[in-house]
Amino acid sequence: MYLLIPAAGMGKRMGSSRNKLLLELKGKPLLAWTLISADKAESIEWIGIMGQTYDFPTFEEIINQIKPCKPIKLIKGGDTRQESVYNGLQALPEKAEKVLIHDGARCLATPDLFNRCAEVLQECQGLIAAIPVKDTIKIVDSNLLITDTPTRDNLWAAQTPQGFDVKLLKECHDRGLKLGWQVTDDAALLEKCGFPVRIVSGEETNLKVTTPIDLTIAEFILNQRAII
Ligand SMILES: Nc1ccn([C@@H]2O[C@H](COP(=O)(O)OP(=O)(O)OP(=O)(O)O)[C@@H](O)[C@H]2O)c(=O)n1
Ligand SMILES: C[C@](O)(CO)[C@H](O)COP(=O)(O)O
């Protein structure tokens, strides 16, 4: 299975002056934790990382320290996650038929989650890891007045890995580019094109490190894992 890791963001919500994936968590950059887990997943045979070119020297240092047993390719990222994934898809080896895409910022995903997604992807064209929403969600208008309360039973919080047939995902990305769609995950492109996307049970601990409090929570989770 081929894996693409979008890692070209800025981390605005983290308030960081550099790519948040280079911030340290228990003595290692966030990206290192993501790579270590992907490298441990037996189902993954090749890893592409999309980054801004000015971060490549630091990415190379991280890779040299981890010494992954899989080939790693650095790919120039874009201005949005969507563009970064688009570039990643163009850089896949020609023989790649299926691909998993996993945010560099989801640095706590376990090897088991990668393996489970890879296995299910053998039987479908598109999937995402997701977990049932625990809160009651409100839809609000521009005046902060509630307009609706969707039934929680139908609500799932999207995570990554997300996995797809390479040819189909490329077609959906091309269509999105042509029609100016802006989406925050790859599944949304398949949805808009009318293709089914399956849910795979995600992990509650698979948070996306987005704001400063997420770093504290991620450290707590890693400390718990070290004890067990
Ligand atoms: N131009 C971009 C923007 C985001 N990403 C990646 O997409 C993932 C999810 O994005 P997010 O958590 O939103 O990261 P940032 O864009 O860095 O954060 P922010 O939106 O707060 O600036 C991250 O691994 C990020 O590096 C990317 O590859 N290319
Ligand atoms: C793909 C994703 O991680 C699923 O939760 C998320 O949509 C990334 O979006 P963001 O807006 O870049 O945080």
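Predicted model: local features only at pLDDT ≥ 70, side-chain atom pairs only at ≥ 80, totals over all residues.
You'll find K67 in the loop that runs between α2 (56-66) and β5 (72-76). Take a look at its backbone too: the phi of K67 is positive, at about 50 degrees, although K67 is not a glycine.

## L144, in another loop

L144 is also worth a look, with a positive phi of about 60 degrees although it is not a glycine. Its place is the loop between β8 (139-140) and β9 (146-148). Is L144 buried or exposed? L144 counts as exposed, since there are 7 C-beta neighbours inside 10 Å.

## A cis peptide bond

Now for the link from T160 to P161: this peptide bond is cis, and its omega is near 10 degrees. P161 belongs to strand β10, which covers residues 156-165.

## The whole chain

Along the principal axes, the C-alpha atoms fill a box of roughly 50 × 40 × 35 Å. A compact globule with 228 residues would have a radius of gyration near 17 Å, and the chain agrees with that because its own value is 17 Å.

As for the inside, 36% of the 228 residues count as buried. Then there are the contacts between residues at least 6 apart in sequence: 73% of these join residues at least 24 apart.

Definitions and conventions. Residues numbered from 1 in each chain as written. Chains lettered and ligands numbered in written order. Helix = DSSP H or I, 4+ residues; strand = E, 2+ residues; numbered from the N terminus. Buried ≥ 20, exposed ≤ 12 C-beta atoms within 10 Å, placed from the backbone. Rg over C-alpha atoms; globule rule 2.2 N^0.38 Å. Contact = placed C-beta atoms within 7 Å.
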